[in-house]
Amino acid sequence: MTIAIRLTGPASRAVDGAVAGAERFAEALRSALDLPGADVVIDLPARRAEPVLRVLVDSRRVLLRGRPIELTRLEFDLLHHLVTHPRQVHRRSALMSSVWGGASTVDTRTVDVHVRRLRHKLGEAAGFITTVRGVGYRADSTADVVVERDALAG
């Protein structure tokens, strides 16, 4: 007889708490069910890797591998816009309208300057920002980027 147990929940907590006690738990289960020869298989959730980049919307903070990155208001708004609309090509003029505001008279090459500064600050994590030549920018491969609300409830 084989007894299969699947643990669910936040992966990091489940894995951290369950791995050390899994064999003790299996032995206790065999004893409690009076099945000394039973195989007990415990299926633990895979530990999820910590995201490379976290965009905390409410506090307007960006964490790169857990460390804060200082961004200007426009750099944060540009990053937030790109990562919340992944795999879409964003024309420079549309980014100017969305990030800088509709009444902006700033040259659209300003977007290029801000993207360059943003890439510099993000370092190797900036690889998901793709230049679409002659058009604008796109956020690709955002699997390592998490956007989350971080305000306290209440």
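Reply: First, what I'm calling a salt bridge: a side-chain nitrogen of Lys or Arg within 4 Å of a carboxyl oxygen of Asp or Glu. And keep in mind that this is a predicted model. On that definition, the structure holds nine salt bridges, and R60, R73 and D77 are linked in a network of them.

D77 and R60 meet through their side chains, with 2.8 Å from N to O. D77 sits in helix α2, while R60 is in the loop between β3 and β4, so the pair links distant parts of the chain, 17 residues apart. D77 counts as buried because its relative accessibility is 18%, and the cut-off for buried is under 20%. R60 is partly exposed, at 41%.

The β3–β4 loop has another charged residue to look at. D58 forms a salt bridge with R149, and their closest N and O atoms are 2.6 Å apart. This pair also links distant parts of the chain: D58 belongs to the loop between β3 and β4, R149 to the segment after β9, and 91 residues separate them. D58 is partly exposed, with a relative accessible area of 30%, whereas R149 is exposed at 66%.

Back to α2, as that helix takes us to the sheet. Helix α2 covers residues 73–84 and lies across β6, β7 and β8, running at about 60° to β8. The sheet is open, with three strands in the order β6-β8-β7 and antiparallel pairing. β6 (90–91) and β7 (129–132) stand at the edges with a single partner strand each, so one side of each has no neighbour in the sheet.

Take the two pairings in turn. β7 is joined to β8 (residues 136–139) by four bridges, and these strands run antiparallel; within that pairing, T130 has R138 in β8 as its bridge partner. Helix α4 (residues 109–122) packs on the sheet too, touching β7 and β8, and its direction makes about 150° with that of β7. β7 and β8 make a hairpin with three residues between them, and G134 in the turn has a positive phi of about 75°.

Besides being the bridge partner of T130, R138 makes a salt bridge with D140 at 2.9 Å, N to O. D140 is buried, at 19% relative accessible area, while R138 counts as partly exposed at 23%.

What does F128 touch, not counting residues up to four places away in sequence? The list is L53, L79, V83, L122, R138, A139, D140, S141, T142 and V145, which takes in the R138–D140 salt-bridge pair.

D112 is buried, with a relative accessible area of 10%. Leaving aside neighbours within four places in sequence, D112 is in contact with R92 and Y137.

Most residues other than glycine have a negative phi. S141, one of the residues F128 touches, has a positive phi of about 45° although it is not a glycine. S141 lies in the loop between β8 and β9 (145–148) and counts as exposed at 63%. R87 is another non-glycine with a positive phi, about 60°. R87 is placed in the loop between α2 and β6, where its relative accessible area of 60% makes it exposed.

Terms used: Residues numbered from 1 in each chain as written. Predicted model: local features only at pLDDT ≥ 70, side-chain atom pairs only at ≥ 80, totals over all residues. Heavy atoms only, no water. Pairing = 2+ DSSP bridges. Helix = DSSP H or I, 4+ residues; strand = E, 2+ residues; numbered from the N terminus. Contact = heavy atoms within 4.5 Å. Axes fitted to C-alpha atoms, helices over the stretch in contact; angles between N-to-C directions. Buried < 20%, exposed > 50% of the residue type's maximum accessible area, 1.4 Å probe, protein only.
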